[in-house]
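Hello,

Here is the structure I promised to pass on to you. Have a look at it first, and then read on for what turned up in it.

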Amino acid sequence: MNRRLLLGLLLFCVFRMNGQEGKSNFSIGFNYGFGSEFNNRNYTFTNHFYKAQLYYRLKETKNFQYEILVQPEVNFGTHQLLNFYFVKPEEPDYIQKRAKYVQLKDVHEYVLNIGFLVRKPISDSFSFYALGSIGPMITDTETERMSEGFAFADVLAIGISAKVQRFQFDIRPSVRHVSNAGLGSSNAGYNTKNIEFGISYSL
């Protein structure tokens, strides 16, 4: 028998046995979200994003479940400088920079967040959770607040989940901070409030 076919049959049997004997520690899912900046006079930033989600349940106690997440994300933002005095005269070519930065810009971000989640079941079907995540990010557009290139995305979220057989549906309000930790010339970053909707499947 072909070795690849034999290996495929073996893996299939393992997953079948695992599904019959109990719930898996792994889940995969997909989230869609959108948001905007906290109200301020300096800039606007609106965004929408897509996340793949890989969950792994580390531990389960009588009252709580502890999970880690890997979250590749693509974020599509629009940004505009409102207060051109944010670009100070001591900056080189500040007149040209002001004219450039007050234009509406598209910003694309590519993120790999790693998160830790604490879940509190409230019934067989529903649960609440708190989530914190951080990860590296690449942004493709320079603005007055962020240099182009490498940065970090930090997210704090709460959520509620509804479970239907192997599927789980999520609603997740969150706050997000993006900056480059001083690795670029501009590091004011963005702060946004967001909401996500997701679905995941227990393997």
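**Strands side by side**

Strands β3 (residues 65-81) and β4 (residues 105-121) pair in the antiparallel sense over 15 bridges; two strands count as paired if DSSP finds at least two bridges between them. Across this pairing, E73 stands opposite V111 in β4. On to the next neighbour: β4 also pairs in the antiparallel sense with strand β5 (residues 126-139), over 11 bridges. Here F116 stands opposite G132 in β5, and a hairpin of four residues joins β4 to β5. As a general point, side chains in a regular strand alternate between the two faces of the sheet.

Before you go further, please note that this is a predicted model, in which local features need pLDDT of at least 70 and side-chain atom pairs count only at pLDDT 80 or more, while totals for chains, interfaces and linings use all residues. Residues are numbered from 1 along each chain as its sequence is written, and side-chain values use heavy atoms, with hydrogens and water left out.

**The whole chain**

The chain has two helices and eight strands, where helices (H or I, at least four residues) and strands (E, at least two) are DSSP runs numbered from the N terminus. Read from the N terminus on, the order of the elements is α-β-β-β-α-β-β-β-β-β. Of the 203 residues, 36% count as buried, meaning under 20% relative accessible area with a 1.4 Å probe and protein chains only. The accessible surface comes to about 11,800 Å², and 64% of that belongs to carbon and sulfur atoms; such areas come from the Shrake-Rupley method with a 1.4 Å probe. Among contacts with a separation of 6 or more, 62% are between residues 24 or more positions apart, a contact being heavy atoms within 4.5 Å.

**One residue to look up**

Is S202 buried or exposed? S202 is buried, with a relative accessible area of 14%. Leaving aside residues up to four places away in sequence, S202 touches S24, F26, S27 and R166. R166 is 36 residues from S202 along the chain, and their C-alpha atoms are separated by 5.2 Å.

**Spaces in the structure**

A cavity is a set of points on a 1 Å grid over the protein atoms alone where a 1.4 Å probe fits but cannot get out, while a pocket is an open set with protein on both sides within 12 Å along at least five of seven lines; lining residues have an atom within 4 Å of a point. A volume is the space filled by probe spheres set on the points, which are joined across faces, edges and corners.

How many cavities of 30 Å³ or more does the structure hold? There is one. The largest cavity has a volume of about 40 Å³, and its lining is made of F49, K51, E73, V155, S174, R176, N194 and E196.

The largest pocket holds about 400 Å³ of space. It is lined by 24 residues, of which R57, Q65, R119, K163 and Q168 are the closest to its centre. The largest share of this lining, four residues, comes from β2.

Enjoy exploring, and write back with any questions!

Notes:
Buried means under 20% relative accessible area, exposed over 50%, partly exposed in between (1.4 Å probe, protein chains only).
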